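Take a look at the model first, then go on.

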Amino acid sequence: MMTPTEQFCRLLRNRSAEHKAAAQLLFPQRLYGQMISILRQELDSMIRAIFLVSQSPHNRQHYINQTLNNEKWTLPGTRAQITDRHMVDFANTLHGWSCSVYKLGCGFIHLSVMADYDYNNPFLNLPLNEQQEIKQHLHDYHGFPLSNNLNVATVGPYLLMVFEKISNNLEYEIQHL
């Protein structure tokens, strides 16, 4: 019989494996908007794992049990919800790119002008400092030329590498659970 933590880790790994399979189907077809949506979902798992690793064993079990019981995360002993914003901001203190990628990904998950990326550059909807941070991270981790403008056409070819980086970071965090 699996412990709740083992069940939770299995849930994260299964979700990640499905994201990977989807990304590998989407990428060759240049369905970059959907790739960014998948990145956002993988990042969602990663920020939750990062948050859990930072918690005391008691609180970690509390949140894991809430997930397995299909409940929203609340601070132990209260009804105050743990929001995605709280977890993204926390993950961003450790991984400076988390907030920007999450925000960009939300624009592709929810119907917005970002879905019109063939005609409008979704990166221009981010503050200039976040655009520069994304460009720098793409350069540092994936060799993106700093002379390139950020747009879906120039970033698209790097999305599978970005996915792999997030997925590997997720697995690293899962191992610490």
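This is a predicted model: local features need pLDDT of at least 70, side-chain atom pairs count only at pLDDT 80 or more; totals for chains, interfaces and linings use all residues.

## Exercise 1: helix 1 against helix 2

**Task.** Work out how helix 1 is oriented relative to helix 2, and which residues make the contact.

**Solution.** 
- Step 1: The two axes, of helix 1 and helix 2, cross at roughly 160 degrees and come within 10 Å.
- Step 2: Angles over 145 degrees count as roughly antiparallel, so helix 1 is roughly antiparallel to helix 2.
- Step 3: The crossing of helix 1 and helix 2 is left-handed.
- Step 4: On the helix 1 side the contact includes Phe8, Leu12, Arg15 and His19, and on the helix 2 side it includes Met35, Ile38, Glu42 and Leu52.
- Step 5: By class, the contact of helix 1 with helix 2 has nine nonpolar, five polar and three charged residues.

## Exercise 2: helix 1 against helix 3

**Task.** Describe the packing of helix 1 on helix 3: what are the angle and the axis distance?

**Solution.** 
- Step 1: Helix 1 and helix 3 pack at about 60 degrees, with axes 10 Å apart.
- Step 2: The two helices, helix 1 and helix 3, are therefore oblique to each other.
- Step 3: Their crossing, that of helix 1 and helix 3, is left-handed.
- Step 4: Pro4, Thr5, Gln7, Phe8 and Leu11 in helix 1 face Gln61, Ile64, Asn65, Thr67 and Leu68 in helix 3 across this contact.
- Step 5: These residues divide into five nonpolar and five polar, with no charged ones.

## Exercise 3: the largest pocket

**Task.** Find the volume of the largest pocket, the residues closest to its centre, and the helix that gives the most to its lining.

**Solution.** 
- Step 1: The volume of the largest pocket is about 350 Å³.
- Step 2: Its lining has 17 residues, and Arg48, Thr67, Glu71, Lys72 and Trp73 are the closest to the centre.
- Step 3: Helices 1, 2, 3 and 4 each supply at least two lining residues, and helix 1 gives the most, with four.
- Step 4: By class, the lining of the largest pocket holds six nonpolar, six polar and five charged residues.

Definitions and conventions: Residues are numbered from 1 along each chain as its sequence is written. Side-chain values use heavy atoms; hydrogens and water are left out. On a 1 Å grid over the protein atoms alone, a cavity is a set of points where a 1.4 Å probe fits but cannot get out, and a pocket is an open set with protein on both sides within 12 Å along at least five of seven lines; lining residues have an atom within 4 Å of a point. Grid points are joined across faces, edges and corners, and a volume is the space filled by probe spheres set on the points. Ala, Val, Leu, Ile, Met, Phe, Trp, Tyr, Cys and Pro count as nonpolar, Asp, Glu, Lys and Arg as charged, and the others, Gly among them, as polar. Axes are lines fitted to C-alpha atoms, for helices over the stretch in contact, and angles run from 0 to 180 degrees between N-to-C directions. Angles under 35 degrees count as roughly parallel, over 145 as roughly antiparallel, 65 to 115 as roughly perpendicular and the rest as oblique. A crossing is left-handed if the near helix is turned anticlockwise from the far one by less than a right angle, and right-handed if clockwise. Contact means heavy atoms within 4.5 Å.
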